[in-house]
Structure formats: C-alpha cells, structure tokens
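Please keep the sequence and the coordinates at hand while reading.

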Amino acid sequence: MSDGTANGAHERTGLLSFTEDDHSRKIIDFTDWDDENPRNWPKSRKFINVGIIALMAVLCPLASSMFTPGIAQIAADLNTSSDVVVGATTGFVVFLGIGPLVLAPLSETFGRRKLYLVCFSIFAVLQIPTALSPNVEALIALRAVSGFFGSVGIANGGGTISDMFHPSQRAGIFGWYLLGPLLGPTIGPLLGGLIVQHLSWRWVFWFLTIICTINTVMGFIFLKESYAPTILESRKRKYEETEGGKFRIANQDDRPFSTKLWSSMQRPLRILFTQPIVSTMAIWQAILFGTTYSLYTNFEAIYGGLYGFSTTQVGLVYLGPGLGFFICVWFIVPKIDTVYNHLSEKNHDQGKPEYRLPLANIGAVLIPLSLFWFAWTVQYKVHWTVTVLSTVFFGFGQITILNTVQNYYIDSFAKYAASAIAAGAVFRSIVGGIIPLFAPAVFDKLGYGWGVSVFALLSLTLSPAPILFYKYGERIRERFAIEL
C-alpha cells in the first residue's frame, strides 16, 4: 500500500485512512464509507447487537426482583426472617451499581464484546449455586457477586448504542434498550410469583440459569465488537503483519497500559464528583430507583395485606408501571430525537446535549403527582384500580427522565459515554438498594400516606432540574470541563 503524499495529505481506501506522523508511522482511521465503522453497519447487524445487550439489560434487573414473591417462602426454608431475606435484594442492587464503575472503563480499555461475554457467562453460572443456597448468608453473598457481573449490560449498553448510532438517531433506539433496567424489576415479580406458587423459590434461579445461558450463547455467536478504538487496534495489528512497517491509530493514547487502565478506572468517579449536572441527575435518579424498589418490595404487603390479593395477583400489579413504560417508549421517547433535531436546526445545525432535556419536564411533573396519588389512595384503601392507575403514570415519568438524562450523558461525554452512564448508575443503584431496607419501618411509623409522600416530596425538590440545566447547562459544563 502506498504512502501518503509528501505534505501529509490524506490517502483513503475502503479499509483505512492514514497520513504519516512525525515518526513516519501511518495513521489508521475510519473512512466516511468504511464498512467496519459500526455507524456504517447495516441496520440488521446493529439491531442484533442491540437485541443481545438489551436482553442482558433486562435479565439482570429481572433477577433483582424475580424472587421477591418468594421472600416469605425463602425465610421459612432457610430459617430466617423476611427482613433478612430482603438483604439479598439490597446486596444485588448495590453491586449492580458498583459493577459499572469497573466494567464501563474496562470496556473502554479492552473493548465491549469481551466484557459482555466474560461477565455475563459468570452471571449465568452464578445462578446455579444461588439456586442451591444452603443458608441465607450464601444466598446474599452469591446475589451480591452476581449483581456485580450482571451489571455489564447496564454498564456498557449506552456506550455500545453510542458506538453504532449517530446522535440524531439515538434516542428512539436507546429508549427501547432502556426498558430493560426498568422493565426487568417490573415483570420479575410476575414471573417469580408464578414460579414460586407452582414450583418453589429455588426454581426462580434455575429459570434464570436457563435464559441467561441462552442469551450468553447468542452473544458468543452473534455479538460484534462495536468500540471503534478496539476495532482500529485489531486493524492496526493486521496491517503490521501483512504490510510491514509501523502504524498508529488516530488519536492513539501512547501512555503505558497500567497508566491508561488506572486513568480509565478513575474516570466514572471523576465525572460523578466533578460534574454538577451529573451529580444532580444521579441524585434524582437515585431517588427514583429508591422509590421504585421501596414500592416493589412492599407491593406484597400492600396488595396482599390490605387488598387480599393472591401471590399471582400481586405479580400482576407490577404490570401497572410496565404499561407506563411501554406507552412512553412508544409515543414520547422518539420525540426526544425530534426535539433535539428541531432545536439543532434552529441553532444552525449545531446540536447541544441540553437539547435532550425538554421532555424530562414531563417526568418532573408526573413523578411527584403519581406518588402523592398512590400514597393517599392506598392510605384510604380506595379501590385497587385507582392505586394501580397511579403506577402507570409513575412508570411513564420514570422513562422520560431516564431516557433524557442518559442521552444527555452520551452527548456530553461521547467516547466515554459508558463511564458517564456508570457515574450516574453507581449512586442510583447503591441508594436504590439501601433505601428499601428502611422503607418498611417508615411505612409502619408514618403509614403509606405520609410514608410514600416523603418520596414524592424528595422528587419534587429536584423537579426544576431539567429547566435549570436546559438554560444554564452549557455554561456549567464549560466551567467544570475536565480532561478525561
């Protein structure tokens, strides 16, 4: 292959673009029409990748709540109390948040595919000893470790979608993917209730073993690497073997591997603690997840105790927020791209991350409204249909906030989107896992009316965030800019 011109003008082929740098090394980059560039892949290949990682993002949160209808059965079988068994949910959800701190930056060092396959294989295998747990200590420990490895789909899904789709196309696809982290905890108790009622709680984990193994096998067969630096690194090795000479990747980081790895491991926490917008949005999402898991872990007490529902009927209640998720993803989430593109056109075709935020105001209104609605209709034992209807609006509001915020992270941090999402996820998951431990005591002391209203008031305090960051976000980002 011929060298570049003497003045360093670009030479392009169907496979690579290069110039010569100051050290006479050819620089490898994607061309605009490059078939190996994930953004130029056929739609079928992109959607296969999205489908596999979306299923991972469903299965891990599914596992977080699927055993909750069997809490009483587990407590009796393992000679412990129901409150102790709830610790298995807490451990899982906390490590679901810690996992992305490690797995997201690792994917930006080793590539997405390796992390998905290694971690989800471990997650699938861990369901076997969980099903065989001889005591509650083993159950809690295994759940915590599996939460760490299972978080890979949540940690890297946003980054993978960013790898494959242009900003103008991203929100609609991302909306369907993001159903996983919310839909999993919603349908988990329904499936778990059926299994617990007709088989036993241990079969919940045998079921997870089967479906997680199937998804992992599909990943080994169909999942393709999408992280551009990893693809270009592979191409670089290929050209050095076949063409001879020295090559380098465009914008290559030449620091020692240990330095790059340490820098990548610090990246999510640096983003979380140095970026006020990320910190604020992470707190908001943490309140939402803490509220969600507090309600989900108490649906059995509310609908089984106050309304006399059977285990299967309680499982069906979780379809309320699930319906809200689907309605929002179908009708509202695609409009995130529409609003973004419209505002970009008005700004001379220059997009800004803040253009993702206007629709978050829908959730900012619906979340506290639906929680007050749920709180006081349950408190006064209004007909169950009225209480469940409030959860539809709660689910609707969650999706608008989660989608707009995650797209905001991706647009703001681009190449390091996975680390930015991990920064928000860690606080969200840790708080979301810990708060349910205290929720029963709060509800016992204050009643469901004021108990759930506490969560509504917390969400209300952060409701102005989308408006404020839409107006001042760019200035805040510029003031607190960091080198990643």
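The structure, which is a predicted model, holds five cavities of 30 Å³ or more. The largest cavity has a volume of about 60 Å³, and its lining consists of Q275, P276, I277, V278, Y408, S412, F413, I476 and R477. Three helices, α12 (276-296), α18 (384-413) and α20 (465-479), each supply at least two residues of this lining. Sorted by class, the residues around the largest cavity are six nonpolar, two polar and one charged.

At least two lining residues come from each of α2 (71-77), α3 (82-110), α13 (299-306), α14 (311-317) and α19 (417-461). Which helix gives the largest share of this lining? That share, five residues, belongs to α19. By class, the lining of the second largest pocket comprises 13 nonpolar, seven polar and three charged residues.

| Helix pair | Residues | Angle between axes | Distance between axes |
|---|---|---|---|
| α4 and α5 | 112-131 and 136-150 | about 165° | 8 Å |
| α8 and α9 | 179-198 and 202-222 | about 125° | 8 Å |

How are α4 and α5 oriented to each other? Their axes pack at an angle of about 165°, and angles over 145 degrees count as roughly antiparallel, so α4 and α5 are roughly antiparallel to each other. The two helices cross in a left-handed sense. On the side of α4, the contact is made by C119, F120, I122, F123, L126, Q127, P129 and T130, while α5 brings L139, L142, R143, V145, S146, F149 and G150. Divided by class, the residues of this contact are 10 nonpolar, four polar and one charged.

The crossing in which α8 passes α9 is right-handed. Here G192, I195 and V196 of α8 meet W203, V204 and F207 of α9, and the contact of α8 with α9 has five nonpolar residues, one polar residue and no charged residues.

Terms used. Residues are numbered from 1 along each chain as its sequence is written. This is a predicted model: local features need pLDDT of at least 70, side-chain atom pairs count only at pLDDT 80 or more; totals for chains, interfaces and linings use all residues. Side-chain values use heavy atoms; hydrogens and water are left out. Axes are lines fitted to C-alpha atoms, for helices over the stretch in contact, and angles run from 0 to 180 degrees between N-to-C directions. Helices (H or I, at least four residues) and strands (E, at least two) are DSSP runs, numbered from the N terminus. A crossing is left-handed if the near helix is turned anticlockwise from the far one by less than a right angle, and right-handed if clockwise. Contact means heavy atoms within 4.5 Å. Ala, Val, Leu, Ile, Met, Phe, Trp, Tyr, Cys and Pro count as nonpolar, Asp, Glu, Lys and Arg as charged, and the others, Gly among them, as polar. On a 1 Å grid over the protein atoms alone, a cavity is a set of points where a 1.4 Å probe fits but cannot get out, and a pocket is an open set with protein on both sides within 12 Å along at least five of seven lines; lining residues have an atom within 4 Å of a point. Grid points are joined across faces, edges and corners, and a volume is the space filled by probe spheres set on the points. Angles under 35 degrees count as roughly parallel, over 145 as roughly antiparallel, 65 to 115 as roughly perpendicular and the rest as oblique.
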